[in-house]
Amino acid sequence: MASVAPTETGTRRSARGVGPAVVIGSALEWFDFYLYASMAALVFGKVFFPAASTTAATMAAVATFAVGFLARPVGGILFGAFGDRIGRKRVLSLTFLLMGASSAGIGLLPTYASVGIAAPLLLVVLRLLQGLGAGAEFGSAIAVAYEHADPARRGRQGAWPALGVNIGLLVSSLTVAALTSMDKEFLHGFGWRIPFLLSFALVGVGLWVRRGMPETPEFEAVARKARKRAPLVQLVRGNWRALAVVMVITIGYNGVSYIFKTFSLAYLTNYRNVPANIGALGISIASFFAIVTVPLAGRLADRIGARTVVLAGGVATVALAFPFFWLLDTGASWLIWIGLVCATGIVVPAMLSAQGAFLARQFPAEVRSSGLGTGREVGGALSGGLAPLSALALVQAAPGHGTWGVSLLFVGGGLLIAVGACFDQRRSATGMN
């Protein structure tokens, strides 16, 4: 494996620009994606699918959320390969622009009442473009953070993308909580557009920050041979076991994460008559906890091993599978918030934090961007987009709209995470935990 570890001095110097660039990009990705998921669950049914019944309109709107996951694997595979050929920095700038511009465009869309069927069609097109850009963002950000880190700090720096995710989630959830506390007529009229339009400003700031980000030392060490290689061929032929590990963990993680963060809002509002702002505020409170959890989990990964933290997260997910919905079903705000904090404020962000170092180390530098992009996004497409829709369908079909079927999805997801962590491809070769 032709890769090098940066020196501690070099890492400190380069990390000054890398940290903000990685965090801002991941924050925008999750600001946009959680915002879209929330609006799909709460608003888009009425705005873009008003001819259907309330339940059918909500499911149609949530289905457009799932559509973005069809584009994410294409983005992950395509831009991941570019990242191994032309560099991580160029790819991150390109995908950031595509993702942000598509999100901002959603805020300019006409409604179904204005242009009819063209409105939801345009929504789907922009959602596909948004997914295409987002497909390479997180995996590339992990590669950049990991490759700039000193070996003793890869848990902490590998957690940078997860920190960005939770900052984006916090800002987005606070935005949703504020909007859902206002008059419904305003929310369904112009209010929902405001945060999407803010993406124009966020893209400008992000591109300015990423312009000064240095290329990673490990990519520069193999850059001369990069244009002669076919990274996807090398990935499949020589690193398929590592690819399988990443896919299995991502299938489990994305499934439970999106149900925790997005399905729970639709469930509380549509099936338990809990005001929308209660769930949104709960996600905001959980995000505060997550911002603290992420760096602590990164440090823990450096002390006891990223694999151990990921494995523990899978076990904790199984343990939460039924209590989470018991808390939501009480209808009491403070108990709902406790459930959301435990799930999206502690367990999920701890796993995501440790995944930075754990998933990146599965691959050599020559195919790291391809491996992360392909493994995460193909795995994510198999679960993340379908999980909230499947959960909605299970609850709709269950007597009394029960959640036993959804809890079993959590159990399955947690077991997949734990199994994936047990097949660490670098552990036997390096002795790492």
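**View 1. The largest nonpolar core has 99 residues.** Here a nonpolar core is a set of buried Ala, Val, Leu, Ile, Met, Phe, Trp, Tyr and Cys residues joined through side-chain atoms within 4.5 Å; buried means under 20% relative accessible area, exposed over 50%, and partly exposed in between (1.4 Å probe, protein chains only). The residues with the most contacts inside this core are Phe44, Phe48, Ile106, Trp192, Phe263 and Phe410. Helix H14 (residues 240-271) gives the core its largest share, 16 residues. Helices are DSSP runs (H or I, at least four residues), numbered from the N terminus. This is a predicted model, in which local features need pLDDT of at least 70 and side-chain atom pairs count only at pLDDT 80 or more, while totals for chains, interfaces and linings use all residues. Residues are numbered from 1 along each chain as its sequence is written, and side-chain values use heavy atoms, leaving out hydrogens and water.

**View 2. A closer look at Phe263 and its contacts.** Setting aside neighbours within four places in sequence, Phe263 touches Tyr258, Phe325, Pro388, Ala391, Leu392, Val395 and Val406 (contact: heavy atoms within 4.5 Å).

**View 3. A second, separate core has 11 residues.** Among them are Val18, Ala21, Val22 and Leu92.

**View 4. Ile194 belongs to a nonpolar surface patch.** Met182, Phe186, Phe190, Ile194 and Leu198 make this patch of about 450 Å². Ile194 lies in helix H10 (residues 193-197) and is partly exposed, with a relative accessible area of 33%. Patches take residues with over 30% relative accessible area and no salt bridge, with nonpolar side chains (Val, Leu, Ile, Met, Phe, Trp, Tyr) joined within 5 Å and like charges within 9 Å; a salt bridge is a side-chain nitrogen of Lys or Arg within 4 Å of a carboxyl oxygen of Asp or Glu. Accessible areas come from the Shrake-Rupley method with a 1.4 Å probe, and for residues only the protein chains shown count as cover.

Definitions and conventions:
Helix = DSSP H or I, 4+ residues; strand = E, 2+ residues; numbered from the N terminus.
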